[in-house]
Amino acid sequence: MRLQPLARRGLLRISLCAALALLAGAARAQIGFEVQPWPALKVPPLQAGLDASGKPLLLKDLRGQALVINFWATWCEPCREEMPSLALLAQSQSGKLRVLAVNFKESPATVGHFVAATGLTIPTLRDPDGALARAWGIRVFPSTVLIGADGKVRSVVRGALDWHGEAAARLIAPLLPDAAASAAPKPALVGQR
């Protein structure tokens, strides 16, 4: 009879250790990124990437929309893992935020195969020679540029992030079109007390 309670305790310990290991793994996944503010005097590149026909998508044409520009590659495991949360972000913020995925130096066939195999729904742009990644200062994959609806580059997130999670929500909220209006002080009405 004494073995049964001991066996239960052992099972409880194993379960507890497994739960703690899962929590630690989730915490490490969220710690795997850093946010770098965009330098105030640094002029951002003029484009976000090249579309399927090779035409540049210019940032000035996207003004008025908050932008999340994710630099990724198919050989990058964290990039692939992050894609579903980017798609969820785009879907949940439709109309307020535009998510773009810029592929780093891979062929159109490789990118097309990945998109078809995964069902990726966010627009995919190309950076065929890596010049755009260099212009944005991207050296870590994935990296994501955050641009406010006002057209100002706010920051670059280096590393993978759950874009549908709480940490991302704190980064995205100030970018949205209504963020500037809600943060601005309300003018006092003349003659009202």
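Cys76 and Cys79 are both buried (buried is under 20% relative accessible area, exposed over 50% and partly exposed in between, with a 1.4 Å probe and protein chains only). The two are joined in a disulfide, S to S 2.3 Å, where a disulfide is a pair of cysteine sulfur atoms within 2.5 Å. The link between Cys76 and Cys79 is right-handed, with 80° about the S-S bond, and the count by this rule is 1 disulfide. All of this comes from a predicted model, in which local features need pLDDT of at least 70 and side-chain atom pairs count only at pLDDT 80 or more, while totals for chains, interfaces and linings use all residues. Residues are numbered from 1 along each chain as its sequence is written, and side-chain values use heavy atoms, with hydrogens and water left out.

On to the rings. The structure holds 4 aromatic pairs (rings of Phe, Tyr and Trp, the last by its six-membered ring, with centres within 6.5 Å; planes under 30 degrees apart are stacked, over 60 edge-to-face, and the rest tilted). One of them puts Trp75 against Phe141 with centres 5.8 Å apart and planes at 70°, so it goes down as edge-to-face. This pair links distant parts of the chain, 66 residues apart: Trp75 sits in the loop between strand E4 (66–72) and helix H2 (77–92), and Phe141 in the loop between helix H4 (131–136) and strand E7 (143–147). Helices (H or I, at least four residues) and strands (E, at least two) are DSSP runs, numbered from the N terminus. Trp75 is exposed at 53% relative accessible area, whereas Phe141 is buried at 16%. Phe141 also pairs with Phe104 in a tilted arrangement, 4.6 Å centre to centre and 40° between the planes. Because Phe104 belongs to strand E5 (residues 97–104) and Phe141 to the loop between H4 and E7, this contact ties together parts 37 residues apart in sequence. Phe104 is buried too, at 17%.

Arg80 is partly exposed at 31%, as is Glu77 at 38%. Asp150 and Arg154 meet at 2.7 Å, N to O, with Asp150 partly exposed at 30% and Arg154 partly exposed at 30%. In helix H5 (residues 166–172), Arg170 and Glu166 lie 4 residues apart, about one turn, and their closest N and O atoms are 3.1 Å apart. Arg170 is exposed at 55%, and Glu166 is exposed at 63%.

Note on methods: Salt bridge = Lys/Arg side-chain N within 4 Å of Asp/Glu carboxyl O.
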